[in-house]
Each structure stands twice: as structure tokens, then as C-alpha cells.
Amino acid sequence: MFTGIVEELGEVVAVERSSDGARFSLGASVVTGDASHGDSIAVNGVCLTVVEVTENGFDVDVVGETLRRSTLADLAVGDRVNLERAMALGDRLGGHIVQGHVDATATVLGADSDGLTEFSLPPHLSHYLVEKGSVTVDGVSLTVVAPAEDRFSVALIPTTRELTTLGLRAPGDRVNIEVDALAKHVERLMAPQLDRLARTGTRRAVDNGESREQAR
């Protein structure tokens with residue numbers, strides 16, 4: 001579990017690709033201060049397991065499924081990445097609850113001089129985003145400014161642009177998106193009740209139609 005508050009900008013120093021995944025060697029110093037084998041670190045919003053702590057960073061293995069569902073497949077040596085250690089119980093929740101499970105990738109559409117940045121959004125995720133709600137972009141907890149059916153915008157303050165990869169992004173670049181996990185849980189819990197209400201409403205509509213027909 002993470003908070004979406006990036007601790008460090010790391011760097012990809014080596015990539016070893018295989019038929020079913022890849023191993024990334026990442027340069028870092030802050031997130032490795034207390035890291036050990038098996039710990040979780042979010043890399044551009046993707047929860048990954050540390051397989052080795054090195055002198056100047058750490059290594060992670062990424063399976064093919066993760067490469068297909070995220071932008072990690074695009075990473076090359078020299079790329080910068082957002083890094084965050086898993087939160088500890090008792091820590092301040094500076095952003096929002098982030099699982100590190102990417103829902104989809106999106107594309108940067110544009111940004112103005114004030115930091116208002118727009119991203120594309122797969123339509124099947126649009127109902128999870130609400131004005132002033134939370135969304136995670138490349139592991140960064142952000143507040144939604146204006147949600148729409150196929151896009152949304154956020155306001156990036158100068159600190160966010162300076163300390164995360166979002167300040168390096170340009171129109172056309174892909175990013176990882178994770179919607180609010182709480183919204184997904186609420187939807188799952190409410191689904192049976194909403195389905196029951198829908199069936200009841202349909203039955204009533206049919207009954208009303210039959211009653212009108214009989215009245216004739």
C-alpha cells in the first residue's frame with residue numbers, strides 16, 4: 001500500500017529482457033535506505049518487489065503481464081522513474097490510498113503554463129473519477145480538476161513538476177493510471193443492490209404497461 005507521495009526520482013541503469021518479462025536495475029538512494037529483499041517499492045505507480053539491494057540502488061523483476069498493462073515496457077536506460085516505498089502503519093497519509101495496481105495507461109494531451117495538465121482516459125474508467133476526487137498518475141497522487149468521458153485534467157504545482165517525472169512529460173507520452181480503490185470497492189458492494197433495483201424497476205414498468213393495456 002502506498003500514498004502517492006513520490007520520495008525520489010530514480011533512474012533506470014540497466015534492463016535485461018527475457019521472453020516472459022524483464023529485470024530492471026534502478027539507481028536510487030532514498031528508498032533503499034532501509035530496503036531489503038522482498039520489500040515493495042512503487043515504480044511509476046507499479047508495486048514491485050525488491051529482488052536485490054545494490055550499492056547504488058535496487059533490482060526488480062517484472063513479469064510479462066505487468067509489462068503489457070503498464071508503461072514499464074517503455075522504459076530504457078537513462079529514463080527517470082518515480083519511486084515510493086510502501087507505507088508503514090502509523091505514517092501520515094499525505095496523498096490517498098494507492099495500491100500500486102495499474103488500471104490502464106493514458107496519454108498526455110497537453111498542459112498550460114499554469115500546470116493544468118490534461119490526460120486521455122479509457123471510457124470504462126470515467127465513472128470512477130469525480131471533481132475534487134483522487135487519481136494516481138505514474139504513482140503521483142493528484143486531485144481531479146475536471147473529469148470527462150474520455151479525458152480528465154489535474155493541476156500540477158511547481159513542486160510536483162520539479163520532483164516527479166510529470167514535469168518531464170510531453171503530449172503523446174504514456175502514463176500509468178490507477179483510479180481510487182475505494183470507489184471500486186463501493187461499486188462492488190453496491191452492485192447487487194443496484195442490480196436488484198434495476199430488475200424491480202423493470203418489473204414495475206412491465207406491470208404498469210400490462211395494467212394500462214387491461215384498462216383499455
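Me: In which sense do strand β9 and strand β12 pair, and over how many bridges?

Reply: Strands of a sheet pair through backbone hydrogen bonds, either parallel or antiparallel. Here, β9 (residues 134–137) and β12 (residues 174–179) pair in the antiparallel sense over three bridges. Val135 stands opposite Val179 in β12. Two strands count as paired if DSSP finds at least two bridges between them. Strands are DSSP runs of E, at least two residues; helices are runs of H or I, at least four; both are numbered from the N terminus.

Me: What should I know about the model itself?

Reply: This is a predicted model, where local features need pLDDT of at least 70, side-chain atom pairs count only at pLDDT 80 or more, and totals for chains, interfaces and linings use all residues. Residues are numbered from 1 along each chain as its sequence is written, and side-chain values use heavy atoms, with hydrogens and water left out.

Me: Which strands close into a barrel with β9 and β12, and in what order?

Reply: Six strands close up in the order β7-β8-β11-β10-β9-β12, with antiparallel pairing. The twist averages 45° from one strand to the next. Such angles run from 0 to 180 degrees between N-to-C directions, with axes as lines fitted to C-alpha atoms.

Me: In what order does the barrel that holds β1 run?

Reply: That closed barrel of six strands runs β1-β2-β5-β4-β3-β6, also with antiparallel pairing. Its twist averages 45° from one strand to the next. Strand β3 (residues 40–43) pairs with β6 (residues 80–85) over three bridges. Ile41 has Arg85 in β6 as its bridge partner.

Me: Which residues does the UniProt annotation "repeat: Lumazine-binding" cover?

Reply: The unreviewed UniProt entry places it on residues 1–96 and 97–190. Such annotations may be inferred rather than shown by experiment; positions follow the numbering used here, and feature names are shortened. Residues 1–96 are 6% helix and 45% strand, with end C-alpha atoms 10 Å apart. Residues 97–190 are 17% helix and 38% strand, with end C-alpha atoms 20 Å apart.

Me: How do I read a phi value?

Reply: Most residues other than glycine have a negative phi, and most peptide bonds are trans. Lys132 has a positive phi, near 75°. Asp138 has one near 50°. Lys132 lies in the loop between β8 (116–120) and β9. Asp138 is in the loop between β9 and β10 (140–147).

Me: Is Asp138 buried or exposed?

Reply: Buried means under 20% relative accessible area, exposed over 50%, and partly exposed in between (1.4 Å probe, protein chains only). Asp138 is buried, at 0%. Lys132 is exposed, at 60%. Leu189, in helix α3 (residues 181–215), is exposed too, at 64%.
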